[in-house]
Amino acid sequence: MPRYAQLVMGPAGSGKSTYCSTMVQHAESLNRSVQVVNLDPAAEHFNYPVMADIRELIQVDDVMEDNSLRFGPNGGLVFCMEYFANNFDWLEESLGHVEDDYILFDCPGQIELYTHLPVMRQLVEQLQQWEFRVCGVFLVDSQFMVESFKFISGVMAALSAMVSLEIPQVNVMTKMDLLAPKAKKEIEKYLDPDMYSMMEDNSDTFRSKKFKKLTKAICGLIDDYSMVRFLPFDRTDEEGINIVLQHIDFSIQYGEDLEVKEPKEVDEEQSNLNYDEIFQDKVSS
Ligand SMILES: Nc1nc2c(ncn2[C@@H]2O[C@H](COP(=O)(O)OP(=O)(O)OP(=O)(O)O)[C@@H](O)[C@H]2O)c(=O)[nH]1
Ligand SMILES: [Mg+2]
């Protein structure tokens, strides 16, 4: 039986930890069991119960305090993640061997992890070896998406994670509840974007012809391959949360191998009685 995982990624402060706790609560309301693993060695607080916490293995503060290493916060994080990649047996032990489990991995926000460092890819390959079906969930803060310029850079970040990890990926626009109704309407065009018109919106802002050409080529590429779409995520909207979960479940085929639940046993005498009654009714009418 396969196991299922969501790799929750995205820039710093995009809402990854909040997404994880919201999903856990939502799953609970559906009677599903979803667990969370914290993979952020610099995490200070999150409000979900953890199944495993990378800080048990290594903490950024300890690395930064080490006089022989002398790392700052970002270098410290990279060091921690490389240490983690060399110690996957810690994760294996923490996850156990439960079949059919569903785990969210709350990742750190340093964008370099998703652009060029090999750690996340190594993690994906390792999880796949442990029979996990992994879906990337890339979060982008809707607050930064109200201008098409910023939107294109968000799309590029999501794309770079997609290209480097080679797993199904669902892109999510978070904090939709913070948008004013007018901005919400405005942002709808970014959810299923037509990149060519996005490019036209921007065309006055380009100073250099070369830059305009490059942006046009990027927009064209994204559009031609329909590579990026965003789902809105409003933590107060259960239905919207469910749509996001369904997209992810579909991409990792969650539910296809689940055992069919037996219907409740019906009292045999009672069921016979009902049929008899129906039959009698039919005959007499
Ligand atoms: N209103 C609202 N606030 C949100 C939402 N998601 C996150 N926030 C707020 O945004 C801030 C950052 O959220 P986190 O969930 O910690 O973001 P993160 O991506 O885990 O951040 P890092 O781990 O530091 O990269 C917190 O103050 C959250 O309360 C949302 O859907 N709606
Ligand atoms: Mg976090």
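Here is a short chat about reading this predicted model.

Trainee: What should I know before I start?

Mentor: Residues are numbered from 1 along each chain as its sequence is written, while chains are lettered from A and ligands numbered from 1 in the order in which they are written. The model is predicted, with local features needing pLDDT of at least 70, side-chain atom pairs counting only at pLDDT 80 or more, and totals for chains, interfaces and linings using all residues; side-chain values use heavy atoms, with hydrogens and water left out.

Trainee: How many helices and strands does the protein have?

Mentor: Helices (H or I, at least four residues) and strands (E, at least two) are DSSP runs, numbered from the N terminus. Here you get 12 helices and seven strands.

Trainee: Which strands are joined to β2?

Mentor: Two strands pair if DSSP finds at least two bridges between them. Strand β2 (residues 35–38) runs parallel to β4 (residues 102–106), with four bridges, and Val36 has Leu104 as its partner there. Three bridges also join β2 to β3 (residues 50–53), again parallel, and Asn38 stands opposite Asp53 in β3.

Trainee: Is Ile167 buried or exposed?

Mentor: Buried means under 20% relative accessible area, exposed over 50%, and partly exposed in between (1.4 Å probe, protein chains only). Ile167 counts as buried because its relative accessibility is 9%. You'll find Ile167 in the loop between α7 (148–165) and β6 (169–174). Across the protein's 285 residues, 44% count as buried.

Trainee: Which residues is Ile167 in contact with, leaving aside neighbours within four places in sequence?

Mentor: Contact means heavy atoms within 4.5 Å. For Ile167, the residues in contact include Val124, Val134, Cys135 and Met162. Look at Ser251 too: its C-alpha atom is 9.4 Å from that of Ile167, though the two are 84 residues apart along the chain.

Trainee: How many residues surround ligand 1?

Mentor: A residue is near a molecule if one of its heavy atoms lies within 4 Å of it. Ligand 1 has 13 around it, and the closest are Gly15, Lys16, Ser17, Thr18 and Asp177.

Trainee: What polar contacts does ligand 1 make with Thr18, Lys175 and Ser14?

Mentor: A polar contact is a pair of N or O atoms within 3.5 Å; within protein, one must be able to donate a hydrogen and the other to accept it, and residues adjacent in sequence count only if both atoms are side-chain atoms. A polar side-chain atom of Thr18 is 2.5 Å from a ligand 1 oxygen. For an N or O atom in the Lys175 side chain, the distance to a ligand 1 oxygen is 3.1 Å, and for a polar backbone atom of Ser14 it is 3.2 Å.
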